[in-house]
Amino acid sequence: MYPRLAALGTNLLMVVCCCCRYLHNNRLTGTLPTHWGSPDSFLQLRTLSLGGNPFNCTLPADWGNQGGWPVLTTLNLSNNGIYGSLPDAWGEGMPMLQTL
């Protein structure tokens, strides 16, 4: 059985002076946690790579909450089972996003 992403929790990504988290190709399953979009969740995270994991879900609209991803510039969600459209709210919650 593969690890579920929700089991990793927010603490995995919230490390002092953390700017990059590469979790690609780790066989993570489940859905993308909506609470990751909570205000002040990832104040220093610039790069998050979740590509190559067998997710089967939609993109959480809650990730568009203001203050959740203030400096995120790169989000890799390639090569997985994520489906649906990009939530409109992401424009406000990820103001620095340049690469998706």
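Residues are numbered from 1 along each chain as its sequence is written, and side-chain values use heavy atoms, with hydrogens and water left out. As the model is predicted, local features need pLDDT of at least 70 and side-chain atom pairs count only at pLDDT 80 or more, whereas totals for chains, interfaces and linings use all residues.

The protein has an average pLDDT of 84, and 83% of the residues score at least 70; pLDDT is the predictor's confidence in each residue, from 0 to 100. Confidence is highest in E3, at a mean of 96, and lowest in H1, at 84. Where pLDDT is low, the predicted coordinates should not be read in detail.

One helix and three strands are present in the protein. Helices (H or I, at least four residues) and strands (E, at least two) are DSSP runs, numbered from the N terminus. Along the sequence these elements follow the pattern β-β-β-α. Of the 100 residues in the protein, 38% are buried, where buried means under 20% relative accessible area, exposed over 50%, and partly exposed in between (1.4 Å probe, protein chains only). Contacts, defined by heavy atoms within 4.5 Å, were also sorted by sequence distance. Among contacts between residues at least 6 apart in sequence, 84% join residues at least 24 apart.

The three strands form an open sheet in the order E1-E2-E3, with parallel pairing. Two strands pair if DSSP finds at least two bridges between them. Strand E1 (20–22) and strand E3 (74–76) each have a single partner strand and stand at the edges, so one side of each is left without a neighbour in the sheet. Direction ignored, neighbouring strands of this sheet are turned by 5 degrees against each other on average; axes are lines fitted to C-alpha atoms, for helices over the stretch in contact, and angles run from 0 to 180 degrees between N-to-C directions. E1 and strand E2 (residues 47–49) run parallel and are joined by three bridges. Arg21 has Leu48 as its bridge partner in E2.

Strand E2 also contains Ser49, which is buried at 5% relative accessibility. The side chain of Ser49 makes a polar contact with the side chain of His24 at 3.0 Å. A polar contact is a pair of N or O atoms within 3.5 Å; within protein, one must be able to donate a hydrogen and the other to accept it, and residues adjacent in sequence count only if both atoms are side-chain atoms. Not counting residues up to four places away in sequence, Ser49 touches Arg21, Tyr22, Leu23, His24 and Asn76.

Asn53 lies in the loop between E2 and E3 and is buried, with a relative accessible area of 1%. Its side chain reaches the backbone nitrogen of Asn26 at 3.0 Å. A polar atom of the Asn53 side chain also lies 2.9 Å from the backbone nitrogen of Arg27. Beyond its neighbours within four places in sequence, Asn53 is in contact with residues including Leu23, Leu28, Asn79, Asn80 and Gly81.

Arg27 is placed in the loop between E1 and E2, and its phi is near 60 degrees, a positive value in a residue other than glycine. Asp40, in the loop between E1 and E2, likewise is not a glycine and has a positive phi of about 65 degrees. Most residues other than glycine have a negative phi.

Two residues of the loop between E3 and helix H1 (90–93) were examined, one of them Ile82. The C-alpha atoms of Ile82 and Asn56 are separated by 5.4 Å, although the two are 26 residues apart along the chain. With neighbours within four places in sequence left aside, Ile82 is in contact with Leu32, Phe55, Cys57, Thr58, Leu59 and Leu77. Leu86 is found in the loop between E3 and H1 as well and is partly exposed, with a relative accessible area of 45%. Leu86 and Thr58 are 28 residues apart in sequence and 8.9 Å apart, C-alpha to C-alpha. Leu86 touches Leu59 and Leu100, not counting residues up to four places away in sequence.

A search of the whole structure finds zero disulfides, a disulfide being a pair of cysteine sulfur atoms within 2.5 Å. The cysteine sulfur closest to that of Cys19 belongs to Cys20 and is 3.4 Å away, too far for a bond. Cys19 counts as partly exposed at 35% relative accessibility, whereas Cys57 counts as buried at 5%.
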